[in-house]
Amino acid sequence: MKIAVLGGGNGSFAAAGDFALSGHEVRLWRRDADQVAAHRAAGSRILVKDHNGRHDTKLALVTTDIAEAVGGAELVLCPAPAFAQPDIARLLAPHLRDGQVVFLPPATFGSMIFARAARDAGNRAKVSFAETGTLPWLTRKHGPFEVAITIRAKRLPVGVFPLDQAPRALEVIGRAFPGVIEPCGDALSGALMNAGPIIHPPLIVMNAGPIEHFERWDIHKEGTQASIRRVTDALDAERIAVREAFGYGAPHFPLAHHYAREGEIWMYGRGSHDRLTDSGDWRERIVLTEHRYMREDLRLGLSLLVSVAGLAGVATPLARALLAIGGAICGEDFAKGGRTLETLGLGNLNKAELQKLLREGFD
């Protein structure tokens, strides 16, 4: 199938390389003209490294022209960080066509940003927007055109906007990720599966000292201790309580299953935490005030959770506390500057009205 991949980070390169490895026609779009020129000069290739070895893949197109990238594509995949979504959504909006599926893995309810951008651009094409709970690859770039994939997702819970178009969207996404996709309802359900705002905020806040002291620090190895895991579980319980208040059923993909060696399989499968830490790729330099763990997962992810919890009438004391501490670290008020139902243009809706919108889409 024809797939457009948007962005130039770890996730985008893993997606482009892995899709090409699977035989799809892949077009990669990114904004950096110099990097695009260099990538073309290198043959528009991506070297994919995984447990099976090294794989040289060739992309059909590498371009700065987003219209050229998405034209004729059945699937448009955008794994860019949530803070990049508004700009990308505005660039993409005029070029979407009937039947296309925009997949955001994960998105922090970014499906609403992309759908609203298309509507604001006057584009009335019948397009589906979907999001899931994690990036489908545990991955890091090892060079400008080289990416290492430590793990591929085993289960991806996917929510679709509007929900009425879910069968078509899930069929398209399922062809790109065979045997992996699990429907979880509407886009808000998909957003409330996002693992990033649960796993990363406690790890960076409670490890702030060693993160700033050491040149490189693995928050998933030395940084994941029993006391921090208890906080993570408590924060995850707040997320699950919000899901239940909106009527979303199990499985809720509790993060505890990510660490377990037996029991229910989590998104990356059993043993994924050990394989992640064994790879060494997550022993990295983290600038707390700049890293996406803070700017995306904590600032945007937890502000969304708190906002949605307010509509559902669920208390989220830990999410609020982490928001306050993260904001203090960065010298900002994350409660005011994050991603909320209000900033998404949904603050005037009650619970029933929001659920109707999620089901039927914009008028």
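Predicted model: local features only at pLDDT ≥ 70, side-chain atom pairs only at ≥ 80, totals over all residues.
## Domains and annotation

The chain is divided into domain 1, which covers residues 2–192, and domain 2, which covers residues 195–360. The C-alpha centres of domain 1 and domain 2 lie 22 Å apart. A UniProt annotation from an unreviewed entry, "domain: Opine dehydrogenase", covers residues 183–330.

## Where the domains meet

In the contact between the two domains, 41 residues of domain 1 touch 40 residues of domain 2. The size of an interface is often given as the accessible area lost when the parts come together. Here domain 1 and domain 2 bury about 3400 Å² between them, and 62% of that area is on carbon and sulfur atoms. Arg140, Arg155 and Leu192 supply 22% of the area that domain 1 buries against domain 2, which is more than any other three residues supply.

Polar interactions also cross this interface, with 23 residue pairs in polar contact between domain 1 and domain 2, counting pairs in which both residues have pLDDT 80 or more. On the side of domain 1 that touches domain 2, the elements giving two or more residues are α4 (85–92), α5, β9 (137–143), β10 (146–152), β11 (156–161), β12 (181–186) and α7 (187–191). Of these, β9 gives the most, with five residues.

The count of salt bridges between domain 1 and domain 2 is two. Arg140 forms a salt bridge with Glu284, and the closest N and O atoms of this pair are 3.2 Å apart. Arg140 is also one of the three residues named above for their share of the area that domain 1 buries against domain 2.

## Salt bridges in the model

The count of salt bridges comes to 23.

| Residue | Partner | Closest N to O distance |
|---|---|---|
| Arg90 | Asp87 | 2.3 Å |
| Arg261 | Asp274 | 2.8 Å |
| Glu360 | Lys356 | 2.9 Å |
| Arg140 | Glu284 | 3.2 Å |

How far along helix α4 are Arg90 and Asp87 separated? They are separated by about one helical turn, because they are three residues apart in helix α4. Arg90 counts as exposed, at 53% relative accessibility, whereas Asp87 counts as partly exposed, at 40%.

The pair formed by Glu360 and Lys356 lies in helix α16 (residues 351–360), where the two residues are four residues apart and therefore separated by about one helical turn. Glu360 is partly exposed, with a relative accessible area of 39%, and Lys356 also counts as partly exposed, at 43% relative accessibility.

The salt bridge between Arg261 and Asp274 has its closest N and O atoms 2.8 Å apart. This pair links distant parts of the chain, with Arg261 in the loop between α11 and α12 (272–279) and Asp274 in helix α12, 13 residues apart. Arg261 counts as exposed, at 62% relative accessibility, while Asp274 counts as partly exposed, at 28%.

Salt bridges can also be followed through a group of residues, and Glu74, Arg168, Glu171 and Arg175 are linked in a network of them.

## Backbone features in loops

The peptide bond from Pro105 to Pro106 is cis, with omega near -15°, and Pro106 is placed in the loop between β7 (101–104) and α5 (110–120). Phe109 is likewise placed in the loop between β7 and α5. Although Phe109 is not a glycine, it has a positive phi of about 65°. Is Phe109 buried or exposed? Phe109 counts as buried, because its relative accessibility is 0% and the cut-off for a buried residue is under 20%.

A cis peptide bond also joins Ala250 and Pro251, with omega about 5°; Pro251 is placed in the loop between α10 (226–245) and α11 (256–259).

Ser44, a residue other than glycine, has a positive phi near 55°, and its place is in the loop between α2 (33–41) and β3 (45–50). Ser44 is buried, with a relative accessible area of 10%.

Terms used. Residues numbered from 1 in each chain as written. Heavy atoms only, no water. UniProt positions renumbered as here; feature names shortened; annotations may be inferred. Buried < 20%, exposed > 50% of the residue type's maximum accessible area, 1.4 Å probe, protein only. Domains from an automatic or database assignment. Contact = heavy atoms within 4.5 Å. Buried area = accessible area lost by both parts, 1.4 Å probe. Salt bridge = Lys/Arg side-chain N within 4 Å of Asp/Glu carboxyl O. Polar contact = N/O pair within 3.5 Å; in protein donor to acceptor, adjacent residues only side chain to side chain.
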